[in-house]
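This report describes how two protein chains sit against each other. The structure is shown first, and the account of the contact follows.

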2 protein chains.
Amino acid sequence: MSLPHAILTALLEKPSSGLELTHRFDRSIGYFWSATHQQIYRELGKLEEAGFIRALPSPGPTRGRKKEYEVLAAGRAELTAWVGSSEDPKPIRDALLLRLRAAAVVGTEGLEAELRRHLALHEGQLAEYEEIEKRHFPPERDTAEDRLRHVVLRGGIDLERFWIEWLAHALAELGRPPNSR
Amino acid sequence: MSLPHAILTALLEKPSSGLELTHRFDRSIGYFWSATHQQIYRELGKLEEAGFIRALPSPGPTRGRKKEYEVLAAGRAELTAWVGSSEDPKPIRDALLLRLRAAAVVGTEGLEAELRRHLALHEGQLAEYEEIEKRHFPPERDTAEDRLRHVVLRGGIDLERFWIEWLAHALAELGRPPNSR
DNA sequence: GGGTACATGTAACCGGTTACATGATTTA
DNA sequence: TAAATCATGTAACCGGTTACATGTACCC
């Protein structure tokens with residue numbers, strides 16, 4: 001149950017229309033919780049019905065016309081409650097780890113190329129995050145809000161570094177002949 | 001599309017019934033791809049229909065009776081192809097990172113306790129993985145299959161270590177007063 | 001007025017989750 | 001024979017994905 005909270009957060013940062021939210025989910029927030037425009041429109045409908053947000057008044061028909069939303073007091077309260085709520089971390093669910101496990105049974109053909117490909121993708125993502133860090137979090141800025149957002153970004157950065165190191169390790173093990181430890 | 005492949009892997013390691021698979025998913029394979037018994041039964045049906053596995057012959061009615069499955073040649077081929085296939089890594093989707101981001105907007109009330117709780121959970125998980133590593137991967141064992149499985153486990157271990165470090169960092173930032181860098 | 005970009009929306013499907021139903025086997 | 005446990009299964013729901021439909025605004 002996180003998409004509605006992601007949207008509330010985004011709308012609090014800046015009231016927006018569905019499409020604007022979609023674009024913003026393609027950057028910033030979407031780095032940690034992606035969503036398509038269909039999901040977003042559906043969720044905006046639910047949030048409005050629940051009284052958490054409202055569409056800014058605009059005359060005439062709605063279809064094809066921009067519709068801006070803002071967060072109501074009840075929405076802010078809901079988000080505040082969620083921040084302090086108790087939600088267990090989800091167990092790992094990773095297809096690549098699973099594929100290595102399968103490779104232990106049926107052989108590693110084609111796996112090395114795929115690991116190299118993933119390595120390149122993670123290196124690219126890391127570079128992107130580091131660029132954002134340089135742009136958005138220069139050492140002199142230091143409000144409480146910025147620090148929290150920076151911690152989130154550091155999470156993304158260190159996760160990419162984890163994958164890069166792990167992939168390098170996996171590739172080394174793949175290439176190593178048996179019993180040469 | 002990973003659950004069928006997880007099941008094929010498990011069945012190749014050892015032919016099993018649905019409930020046995022469920023129990024094994026609660027350990028080993030389930031550490032990286034969890035599944036409930038309902039998912040597993042549904043998927044076993046699909047895999048059988050697709051000709052990837054077959055139920056070992058047994059007389060009489062099926063309901064309430066154990067039903068063992070084994071992997072057919074087509075199933076092994078499917079799994080082999082999947083190991084070498086091209087599948088992009090999924091973008092991060094983590095509710096806790098999102099909650100920190102929300103906290104930057106609505107405040108951090110209740111967050112510190114939640115971070116400490118997650119820290120304890122990850123430390124517990126790490127201890128469990130390290131225990132498995134000690135039991136299953138003593139230095140003297142060194143077949144190619146074991147090495148691959150060990151790499152997978154190392155991934156789990158290092159992921160837990162990542163979370164532990166990140167949570168410690170986040171807690172430190174939460175506690176630090178503004179502009180004291 | 002035709003094309004393109006902007007903007008909102010519907011429908012069908014798919015995998016994962018939760019709750020419940022039913023039959024077989026073991027044991028007190 | 002009743003209860004507990006093993007074992008397979010159905011049904012409803014929910015969030016995420018993919019494909020498609022519809023309407024507006026602007027520019028050539």
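## Extent of the contact

In this predicted model, 75 residues of chain B and 75 residues of chain A take part in the contact between the two chains. Together, chain B and chain A bury about 7,000 Å², and carbon and sulfur atoms account for 64% of that area. On the chain B side, the residues that lose the most area to chain A are B:I92, B:R101 and B:R147, which together make up 11% of what that side buries.

The size of an interface is often expressed in this way, as the accessible area lost when the parts come together.

## Polar contacts and salt bridges

Between chain B and chain A there are 25 residue pairs in polar contact, counting pairs with both residues at pLDDT 80 or more. The number of salt bridges between chain B and chain A is six, while the count over all chains comes to 32.

One salt bridge between the chains joins A:R101 and B:E13, whose closest N and O atoms are 3.4 Å apart. A:R101 belongs to helix α5 (residues 95-106) of chain A, and B:E13 to helix α1 of chain B.

## Make-up of the chain B side

Which elements of chain B give two or more residues to the side that touches chain A? They are α1 (3-13), α4 (73-83), α5 (95-106), α6 (111-136) and α7 (144-175) of chain B. The largest share comes from α7(B), with 18 residues.

Sorted by class, the side of chain B that touches chain A has 36 nonpolar, 21 charged and 18 polar residues.

## How the two copies are related

Chain B is superposed on chain A by a rotation of 180° with 0.0 Å of shift along the axis, at an RMSD of 0.0 Å. The two copies are therefore related as by a two-fold rotation axis. In chain B, the C-alpha nearest this axis is that of B:F162, at 3.7 Å from it.

The copies meet through the same surface, because 100% of the interface residues of chain B are also interface residues in chain A.

## An annotated region in chain A

An unreviewed UniProt entry carries the annotation "domain: Transcription regulator PadR C-terminal" for residues 92-174 of chain A. Over residues 92-174 of chain A, the chain is 83% helix and 0% strand. The end C-alpha atoms of that stretch are 23 Å apart.

Terms used. Residues numbered from 1 in each chain as written. Chains lettered and ligands numbered in written order. Predicted model: local features only at pLDDT ≥ 70, side-chain atom pairs only at ≥ 80, totals over all residues. Heavy atoms only, no water. Contact = heavy atoms within 4.5 Å. Buried area = accessible area lost by both parts, 1.4 Å probe. Salt bridge = Lys/Arg side-chain N within 4 Å of Asp/Glu carboxyl O. Polar contact = N/O pair within 3.5 Å; in protein donor to acceptor, adjacent residues only side chain to side chain. Helix = DSSP H or I, 4+ residues; strand = E, 2+ residues; numbered from the N terminus. Nonpolar A, V, L, I, M, F, W, Y, C, P; charged D, E, K, R; others polar. UniProt positions renumbered as here; feature names shortened; annotations may be inferred. Least-squares fit on C-alpha atoms with pLDDT ≥ 70 in both.
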